[in-house]
Amino acid sequence: MFSYDSIRKMNETELGIYKYIIANLDKIPFMTIRELSEAVHISTSSVLRFCNTAGFEKYAEFKKAVQSEKESIRTSPPREDLKEILRYMTGTNTSAFEEKIESAAELIRNAETVIFAGQGSSGTLAKYGARYFTNLGKFAVGLEDTFYPVGNNFLHGGALVALSESGETKEVNNFVLQFRKKDFSILSITNSPHSTLAKLSDWNISYMMNHERINGGFNATTQVPVLFIMEAIARRIDKKNTL
């Protein structure tokens, strides 16, 4: 309903109206122009100018378009490639999932040294996770080189967050074993709770999405849950630290 070009042309007042409308699509078709103007604390003429900017000559025409947009959202099913992610996100709204996240947060919160590690795309996510945790106040290091010499480079104790979609990457699992010898607590985020990495870990969070390979065998399994899990843990740590 709102094109990129129309949004780009909006001034600060019009952007405020736009945000209110998007957040209240169900209400708009039943609101008069005066009621909308009062809700966003502007004049009715400003609302009308907003409608013109959005490509509508009259407010009634605009309301009709909002109603159509609302019906379209209600009747349009999500694309097939998004259904699984949406199911996962819905399934995280449980006390069991929250307990897992809180336990993982407690494990990392009490560790002086926090390392994120992975290989390939999981290595890239490890770097992101470390930066995100550091942004929120818990310093962490991200390693995407699982051949990194552990040796005496790390003090005994700490937490290692190991990322692997399959949980069967030999290099990652060997890396975990090196940290095991240094008395690190191991938290793994994998796609399968029955993987080798999950079994090597003190704590595992698995997202159990459909495994997907494309273009001759490259892994295309979604990594959205990994980002979600890491950010959820980081925010629980930050919340506790600010209490």
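This is a predicted model: local features need pLDDT of at least 70, side-chain atom pairs count only at pLDDT 80 or more; totals for chains, interfaces and linings use all residues.
Let's start at Phe-116: beyond its neighbours within four places in sequence, Phe-116 is in contact (heavy atoms within 4.5 Å) with Ala-126, Gly-129, Ala-130, Phe-133, Ala-140, Val-141, Gly-142, Leu-143, Val-161 and Met-230.

Residues are numbered from 1 along each chain as its sequence is written, and side-chain values use heavy atoms, with hydrogens and water left out.

Phe-116 is also among the residues with the most contacts inside the largest nonpolar core, together with Phe-133, Ile-229 and Ile-233; this core has 31 residues. A nonpolar core here is a set of buried Ala, Val, Leu, Ile, Met, Phe, Trp, Tyr and Cys residues joined through side-chain atoms within 4.5 Å. Buried means under 20% relative accessible area, exposed over 50%, and partly exposed in between (1.4 Å probe, protein chains only). Elements giving two or more residues to the core include strand E1 (114-117), helix H8 (121-135) and helix H11 (224-241). Helices (H or I, at least four residues) and strands (E, at least two) are DSSP runs, numbered from the N terminus. H11 gives the largest share, seven residues. There's also a second, separate core of 18 residues, with Ile-17, Leu-25, Val-40 and Phe-62 among them.

Now the salt bridges, meaning a side-chain nitrogen of Lys or Arg within 4 Å of a carboxyl oxygen of Asp or Glu. The count comes to three:

| Pair | N to O distance |
|---|---|
| Arg-236 and Glu-98 | 2.8 Å |
| Glu-106 and Arg-109 | 2.3 Å |
| Asp-202 and Arg-180 | 3.0 Å |

Arg-236 in helix H11 and Glu-98 in helix H7 link distant parts of the chain, 138 residues apart. Arg-236 is partly exposed at 22% relative accessible area, and Glu-98 is partly exposed too, at 27%. Glu-106 and Arg-109 both sit in helix H7; they are three residues apart, so about one helical turn separates them. Here Glu-106 is partly exposed at 33%, whereas Arg-109 counts as buried at 14%. As for the remaining pair, Asp-202 lies in the loop between helix H10 (196-200) and strand E5 (203-206) and Arg-180 in helix H9 (residues 170-180), so the bridge ties together parts 22 residues apart in sequence. Asp-202 is partly exposed at 42%, as is Arg-180 at 31%.
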